[in-house]
Amino acid sequence: MQSSMAGSCGSRPQRHDVVSLLYPGELLTSDAARSLLQQAGGDAATATEIRWRNGHRRSFWQGNCVALGTAAGMLEPLVFSPLHLLASGVGRLLRMFPDAAGASQVADEYNRATQLEFENARDYVLVNYAANRRDGSLWERGRKARMPDSFRRRRELFGSTGRVPAYDEETFDRSDWAVAWLAAGLRPEAHDPLLDRMPAAELDSHFARLQSAIAQAVGALPLHDEFIERLRLPQRAPGAG
């Protein structure tokens, strides 16, 4: 079971800072979590502990009840998959909403598609744990854990050829997957042979332009501390001097 604790303290009268700590309950006690929360600037005395368990329901649509969002399942609060799964669940329900005939068949198909979507999103989240290079018992346990067959197939395919498969009911697109694998340190052993048909000079020019555009965009952004400080400043009313 993993738990999340959130504490809040006011740094200014007009604003409140919220400090959240996400941790595995079997590796960290509640008292230790509160101590860490206090060190991070949160108010451990008023912190609220929220316990949750990874997984999803066996059946998302049963009878006249449909589970959506966190009522359907929970994967990982640190990525945006919960919001996407909620939106896609609503969209799928609207597309498949049945009439009096065939309701059970429609519910079966809804359950199949939703479970597949959860499994695909789960595999993406697992990249952070199974392919990480961080120190600590949590990360070491993630590297040693038994992974689903679908995850192993994805990793082997990208590691050997650099290809990212596109399955039905995907939450994340191919570019998301490629970035996740590369960030985890996985480098393909080979490349797409179609790239050999493009002149090296043309590829170099393309990536040089891309690098320049990224550098210009990043250079116009504020530093992290500056951005946070802007959020902390009290908001002025329109027309105020």
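A salt bridge here is a side-chain nitrogen of Lys or Arg within 4 Å of a carboxyl oxygen of Asp or Glu. By that rule, the side chains of Glu 169 and Arg 92 meet in one, at 2.9 Å from N to O. This is a predicted model, where local features need pLDDT of at least 70 and side-chain atom pairs count only at pLDDT 80 or more, while totals for chains, interfaces and linings use all residues. Residues are numbered from 1 along each chain as its sequence is written, and side-chain values use heavy atoms, leaving out hydrogens and water.

**Salt bridges**

- A search of the whole structure turns up 10 salt bridges.
- Arg 92 sits in helix H2 and Glu 169 in the loop between H5 and H6, so the pair links parts of the chain 77 residues apart (helices are DSSP runs of H or I, at least four residues, numbered from the N terminus).
- Arg 92 is buried at a relative accessible area of 2%, whereas Glu 169 is partly exposed at 28% (buried is under 20%, exposed over 50%, partly exposed in between, with a 1.4 Å probe and protein chains only).
- Arg 92 also pairs with Glu 117, the closest N and O atoms being 3.1 Å apart.
- That pair joins helix H2 to helix H3 across 25 residues, and both Glu 117 and Arg 92 are buried.
- Arg 154 and Asp 123 form another salt bridge, at 3.6 Å from N to O.
- Arg 154 lies in helix H5 and Asp 123 in helix H3, so this pair ties together parts 31 residues apart in sequence.

**Nonpolar core**

- The largest nonpolar core has 26 residues, and those with the most contacts inside it include Tyr 110, Phe 118 and Trp 177 (a core is a set of buried Ala, Val, Leu, Ile, Met, Phe, Trp, Tyr and Cys residues joined through side-chain atoms within 4.5 Å).
- Helices H2 (81-96), H3 (103-130), H5 (149-161) and H6 (174-183) each give two or more residues to this core.
- H3 supplies the largest share, 8 residues.
- Another core, of 6 residues, lies apart from it and includes Leu 21 and Tyr 23.

**Surface**

- Phe 207, Leu 210, Ile 214, Val 218 and Leu 221 make a nonpolar surface patch of about 500 Å² (patch residues have over 30% relative accessible area and no salt bridge, with like charges joined within 9 Å and nonpolar side chains, Val, Leu, Ile, Met, Phe, Trp and Tyr, within 5 Å; areas are Shrake-Rupley values with a 1.4 Å probe).
- Ile 214 sits in helix H7 (residues 200-219) and is partly exposed at 47%.
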